[in-house]
Amino acid sequence: MTISIAPQDVLVVVDMQYDFLPGGSLAVAGGDEIVPLINALAKKFSHVVLTQDWHPKDHISFASQHPGKQPFDTIALDYGPQVLWPDHCVWASRGAELSRDLDIPQAQLILRKGYNRTIDSYSGFQEADRHTPTGLASYLNEREAGRLYLVGLATDFCVAWTAIDGAAAGFDVTVIEDATRAIDANGSLERAWSDMDAAGVQRIVSREILG
Ligand code: VGL
Ligand code: ZN
């Protein structure tokens, strides 16, 4: 049985940007493979929100800002552990642009996150201090959003945190697993799925919507 998508349901397309695609500075393996699938899924939704990772060039999540540290090291910040990354999705750089192969002209909102130099933001709902809101929950409530369906990159970071925070904000959240790809550093993918399960996030495959 295929899942029917209601007009109020929202497809949230997470971080489909050149730096996360093959050739990008933080390329997620197979990230390009999900573009056609996301385009097909988007045809079922009248309400689509895109998120865009958007960092100043000296962002605290960049290993380059921490002498002696390497990408994928973890450091302690005020708000908790922070994985360090290669420089990526720098404001107005090509790597920060959304893939032009996305074919979702009806998308209504592009939500940028991670623009505060001293706080990362994997989640589209709140920054990594677990406190500073992005405004997305208010937007979705004001727009009377129904279920949220998440796709994009990366399963174990921005998709997972957005899913968990969406559930915490009271939304019914479903991740469409085959329309995501993971970074999977140090067991992060398995951890992300168990955290999403614990938060009540549902997991489906695209066939359940596309038939
Ligand atoms: C992401 C690491 C750093 C993501 C963003 O989109 O999953 N991962 N910034
Ligand atoms: Zn980032």
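1. Contact in this note means heavy atoms within 4.5 Å. The model is predicted, so local features need pLDDT of at least 70 and side-chain atom pairs count only at pLDDT 80 or more, whereas totals for chains, interfaces and linings use all residues. Residues are numbered from 1 along each chain as its sequence is written, chains are lettered from A and ligands numbered from 1 in the order in which they are written, and side-chain values use heavy atoms, with hydrogens and water left out.

2. Buried denotes under 20% relative accessible area, exposed over 50%, and partly exposed in between, with a 1.4 Å probe and protein chains only. Helices (H or I, at least four residues) and strands (E, at least two) are DSSP runs numbered from the N terminus. Among the buried residues of α3 are Phe 157, Cys 158, Asp 165 and Gly 166. Their cover includes the strands β1 (10-14), β4 (80-83), β5 (109-113), β6 (148-153) and β7 (173-181), as well as helix α4 (188-198). After α3 comes Gly 170, with a positive phi near 100°.

3. The zinc ion (ligand 2) is coordinated by Asp 53 through OD and by His 55 and His 88 through NE2, at 2.0 to 2.2 Å. Donors are N, O and S atoms within 2.8 Å of the metal (3.2 Å for Na, K and Ca); water is not among the atoms, so the site may look incomplete. The arrangement is irregular because the four donor atoms subtend angles of 86 to 172°. For four donors, tetrahedral requires all angles between 85 and 135 degrees; four count as square planar and six as octahedral if opposite donors are over 155 degrees apart and all others between 65 and 115, and anything else is irregular.

4. The donor residues follow the spacing D-x1-H-x32-H in sequence. His 55 sits in the loop between β2 (47-53) and β3 (74-77) and His 88 in the loop between β4 and β5, so the pair ties together parts 33 residues apart in sequence. Both histidines, His 55 and His 88, are buried.

5. Asp 53 belongs to strand β2 and counts as buried at 2% relative accessibility. Its side chain makes a polar contact with that of Lys 113 at 3.0 Å. A polar contact is a pair of N or O atoms within 3.5 Å; within protein, one must be able to donate a hydrogen and the other to accept it, and residues adjacent in sequence count only if both atoms are side-chain atoms.

6. Asp 15 lies in the loop between β1 and α1 (35-42) and is buried, with a relative accessible area of 0%. The side chain of Asp 15 also makes a polar contact with the side chain of Lys 113, at 2.9 Å. Beyond four places in sequence, the residues that Asp 15 touches include Asp 53, Leu 153 and Cys 158.

7. The residues around ligand 1 (a heavy atom within 4 Å) include Asp 15, Asp 53, Trp 85, His 88, Tyr 122 and Phe 157. A polar side-chain atom of His 88 lies 3.1 Å from a nitrogen atom of ligand 1. A backbone N or O atom of Ala 154 is 3.0 Å from an oxygen atom of the ligand. The protein covers 100% of the 260 Å² of accessible area that ligand 1 has on its own, by the Shrake-Rupley method with a 1.4 Å probe.
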